[in-house]
Amino acid sequence: MEDLYIAPERDKPEIDFKFSQHHLVLRGESFPENAVSFYAPVVAALMNYLGRTHDTDITVDFELRYFNSSSTKILLNVFRMLDQASSNHNRVHVNWRHDPDDDTVLEFGNDIASDFITLKYQAVPVPA
Amino acid sequence: MQTEIYRAFRNFVAEQGVIFYYNGYLSQPIVAAIGEALRGKLEAEDASGKATRKVFSTFVEMMQNIIHYADGAEALSGTATPFGNVAVGRLGERYYIVSGNSVANSHVERLKSRLDALRAMSSEEIRAEYRRKLRTEERDDNSKGAGLGFLTVAREASEPIEYFFEPYPGLGETLSFFTLKATV
C-alpha cells in the first residue's frame, strides 16, 4: 500500500508513515480544531496497513511537543490499534520521544503504554 | 479613549501583570497565532519550560472550548463566528489565564455542576478522573471535543479553577457571560 505523508502545520503534526518500510513517524504539535476529522484518514490508513501486516517488526516513533485534549483521546486509540496488531504476530516497537523536561508528555506515554503490554515501548529523551 | 484614560489603562495592565489580552473573534488560526506569540513572549521572559507548557496548554483548551461551545454569536454579532476574550498574566511566581465568553442560560447549571465538581477535587483526584475519562467511550451530547477540556485545565492548575456567570448585558434573558480562571 502507499505510504502516507502529511506535512506539518503550526497546529498539526507531521505524519510520515512509511508503510513500505514498516516505519511510522508522528512528530510535532497536535491541536487541530477538529482532531477527529484531522486524524480520520491517518487512522484509516493505519488500520488498513495493520490489517494486512503480519509477522513483521513495526517501528512507530512519536515525537510530540504538545497535544491537546482531543488529540490525546486519538493517541490512546492509536496505541490500542498498535497493541491489537500484535495478535497477527507483529512486534510493534513504540519509541516515545519526549523532552526530558516535560513530565506531562512522558507520563502520558508511560501511562498508556502500561495499558498495552504487548507493545515494545521505550521512552526516549530528546532534549528540545 | 482619552489619553489620560489610556495611561490609567496601561498602568492597570502593568499592576495586574498582564502579559497578553485579546478580545474579539476566535478561530483556530487566531488561536494558533496567538499561542505562538504567547509562547515566544513567555520564553523571552525566561519563564520555565514547565510554566510555558502549562500556560500554553491552558490557553489552547480555553480557546478551543470557546470555539466549540460559545453560544449566542448570531445574537451578539450577526455572524456565526464565536468570540470571547482572554488575558494571560503573571503575579509573583504564578501565571493566570482568564477567559470569557457568552453561553446560553440553558447550559449554565450543567457547567456549574461540572466546574464545582472539579473545584472540590484534589490534584490526585483530578489526575485519576482524567485517566478514567480518557479511557471511557462515554460522550455527552454537548461535547464536541473529548470532554477532557475542563479536566485538562484543572490538571494543569496549581489552585482550584475559579469561575463566575453573570447575565449578559442586554440579553440576560437568554445569555450569560462566563468567566473562567486558572492559575498555573
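Let's start at a loop: A:Asp55 sits between α1 (35–51) and β4 (57–67) of chain A. Keep in mind that this is a predicted model. A:Asp55 has a positive phi of about 50°, even though it is not a glycine. For context, most residues other than glycine have a negative phi. Chain B has a case of its own: B:Asp46 has a positive phi of about 70° and is not a glycine either. You'll find B:Asp46 in the loop that links α2 (28–44) to α3 (49–69) of chain B. B:Asp46 has a relative accessible area of 67%, so it counts as exposed.

Now for the helix packing. Two packed helices are described by the angle between their axes and the distance between the axes. The helices to look for are α2 (residues 69–84) and α3 (residues 103–115) of chain A, plus α6 (residues 123–135) of chain B. Here is how they pair up:

| Helix pair | Angle between axes | Distance between axes |
|---|---|---|
| α2(A) and α3(A) | about 40° | 10 Å |
| α2(A) and α6(B) | roughly 60° | within 10 Å |
| α3(A) and α6(B) | roughly 55° | within 13 Å |

Take the pair inside chain A to begin with. At about 40°, α2(A) and α3(A) are oblique to each other, and α2(A) passes α3(A) in a right-handed crossing. On the α2(A) side, the contact uses A:Thr72, A:Leu75, A:Leu76 and A:Phe79, while α3(A) brings A:Phe108, A:Ile112 and A:Ala113. What classes of residue make up this contact of α2(A) with α3(A)? Six are nonpolar, one is polar and none is charged.

From α3(A) come A:Glu107, A:Phe108, A:Asp111, A:Ile112 and A:Asp115, and from α6(B) come B:Arg127, B:Arg131, B:Leu134 and B:Arg135. How many of these residues are charged in the contact of α3(A) with α6(B)? Six are, alongside three nonpolar and no polar ones.

Is A:Lys73 buried or exposed? At 12% relative accessibility, A:Lys73 counts as buried, since the cut-off is under 20%. A:Lys73 and A:Glu29 are 44 residues apart in sequence, and their C-alphas are 15 Å apart in space.

A:Ser70 belongs to helix α2 of chain A too. A:Ser70 is buried, with a relative accessible area of 11%. From A:Ser70 to A:Arg91, the separation is 21 residues in sequence and 28 Å in space, C-alpha to C-alpha.

Helix α7 (residues 149–156) of chain B has seven of its eight residues buried, so it is largely enclosed by the rest of the structure. The buried ones are B:Gly149, B:Phe150, B:Leu151, B:Thr152, B:Val153, B:Ala154 and B:Glu156. They pack against α2 of chain A, and within chain B against α3, α5 (108–119), α6 and β5 (175–183).

Last, the largest nonpolar core. It holds 81 residues, and A:Phe17, A:Leu46, A:Phe62 and A:Leu82 touch the most other members. α3(B) gives the most to this core, with nine residues. If you want to trace A:Phe17, set aside its neighbours within four places in sequence: A:Phe17 then contacts A:Asp3, A:Leu4, A:His23, A:Leu24, A:Val25, A:Leu26, A:Val42 and A:Leu46.

Key
Residues are numbered from 1 along each chain as its sequence is written. Chains are lettered from A and ligands numbered from 1 in the order in which they are written. This is a predicted model: local features need pLDDT of at least 70, side-chain atom pairs count only at pLDDT 80 or more; totals for chains, interfaces and linings use all residues. Side-chain values use heavy atoms; hydrogens and water are left out. Axes are lines fitted to C-alpha atoms, for helices over the stretch in contact, and angles run from 0 to 180 degrees between N-to-C directions. Helices (H or I, at least four residues) and strands (E, at least two) are DSSP runs, numbered from the N terminus. Angles under 35 degrees count as roughly parallel, over 145 as roughly antiparallel, 65 to 115 as roughly perpendicular and the rest as oblique. A crossing is left-handed if the near helix is turned anticlockwise from the far one by less than a right angle, and right-handed if clockwise. Contact means heavy atoms within 4.5 Å. Ala, Val, Leu, Ile, Met, Phe, Trp, Tyr, Cys and Pro count as nonpolar, Asp, Glu, Lys and Arg as charged, and the others, Gly among them, as polar. Buried means under 20% relative accessible area, exposed over 50%, partly exposed in between (1.4 Å probe, protein chains only). A nonpolar core is a set of buried Ala, Val, Leu, Ile, Met, Phe, Trp, Tyr and Cys residues joined through side-chain atoms within 4.5 Å.
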